[in-house]
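Please keep the sequence and the coordinates in view while reading.

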Amino acid sequence: MGLGLAALLLMLGASGCRRSPAPPSPEYEQATKRWSSLYAQKLDDAYLDPATGEIEALLQRVPADSVDSVAAQDLLRRIEEGRARMMSAAAEQQRAVESAQTLPTTDPSQTGIPQQQALPPEEDAGVDAGMAGPQVGSLASELVSGYRGCFQRAMPLQVEGRGVREGWKLSERPSCQLEFPSHADTMVLIEDGRVLALLPTSAMQTVQRYEDGGVVPPDAGL
């Protein structure tokens with residue numbers, strides 16, 4: 001009886017010494033508010049925004065015994081992973097732009113894309129509005145509301161080694177043909193939100209495939 005009472009008193013004493021967690025962290029509250037606002041404005045671009053560094057500094061100051069400690073570490077991890085992902089995507093985009101001149105067309109037998117030739121330096125001063133329009137590296141979003149609404153979505157393109165990519169073309173409206181003559185009979189290829197290449201439609205071929213993925217010979221229907 002005496003031993004049981006002593007064990008009970010020991011258990012009560014241990015529970016009475018339990019420390020309660022620290023109160024919520026003001027640093028975590030401030031960091032989450034600033035991050036939510038920044039991400040709402042810039043979406044994934046927020047990961048590369050300089051203001052993110054200040055948010056990370058706040059999260060790192062959250063006490064380890066705070067009830068917000070685990071959540072703070074989780075947000076730090078997500079920001080670090082998001083930054084790494086965006087930097088990797090930016091590097092891939094740069095490599096894609098640099099290699100656009102060798103990008104294959106929709107025809108698997110083609111291995112190069114003719115590019116618009118640059119004007120000689122002495123002719124640069126003569127560039128007029130007719131040479132304006134989307135170029136390699138331009139934002140794809142500008143095709144929706146910019147360029148006087150002269151570009152419209154076209155059929156997707158199957159690019160060997162890259163998969164299906166979005167395509168745009170110049171409207172057939174006379175005013176658009178006059179405004180952007182250099183983009184007539186040209187397909188604007190989009191990748192990762194930017195113009196990847198300008199493809200002359202004369203250099204593209206329609207390729208038919210069997211259900212198993214094989215290419216239909218051009219004379220198969222004759």
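A residue is called buried when its relative accessible area is under 20%, exposed when it is over 50%, and partly exposed in between, with a 1.4 Å probe and protein chains only. The model is predicted; local features need a pLDDT of at least 70, side-chain atom pairs count only at pLDDT 80 or more, and totals for chains, interfaces and linings use all residues. Residues are numbered from 1 along each chain as its sequence is written, and side-chain values use heavy atoms, with hydrogens and water left out.

Confidence is expressed as pLDDT, the predictor's confidence in each residue on a scale from 0 to 100. The chain has a mean pLDDT of 75, and 66% of its residues reach 70 or more. Helices (DSSP runs of H or I, at least four residues) and strands (runs of E, at least two) are numbered from the N terminus. Among these elements, the lowest mean pLDDT, 48, belongs to helix α1 (residues 2-16), and the highest, 91, to helix α2 (residues 26-42). The pLDDT is below 50 over residues 108-112, a stretch with 13 contacts beyond near neighbours in sequence in the model; a contact means heavy atoms within 4.5 Å.

Helix α3 (residues 51-60) contains T52. With a relative accessible area of 0%, T52 is buried. Apart from neighbours within four places in sequence, T52 is in contact with W35, L38, A46, Y47, I79 and R83. The buried residues of α3 are T52, I55, E56, L58 and L59. Viewed down the axis of α3, these residues fall within an arc of 155°, so they line one face of the helix; the arc is taken from the directions from the helix axis to the C-beta atoms.

In soluble globular proteins, nonpolar side chains tend to be buried together. A nonpolar core is here a set of buried Ala, Val, Leu, Ile, Met, Phe, Trp, Tyr and Cys residues joined through side-chain atoms within 4.5 Å. The largest such core has 15 residues, and W35, I55, L59 and I79 have the most contacts inside it. Helices α2, α3 and α4 (69-98) each supply at least two residues of this core, and α4 gives the most, with 5 residues. Not counting residues up to four places away in sequence, I55 touches A31, R34, W35, L38 and I79.

A second, separate core of 13 residues includes Y147, C176, V195 and L198. Y147 lies in the loop between α5 (142-145) and β1 (151-153), and is buried, with a relative accessible area of 18%. Y147 and C176 are 29 residues apart along the chain, and their C-alpha atoms are separated by 8.9 Å.
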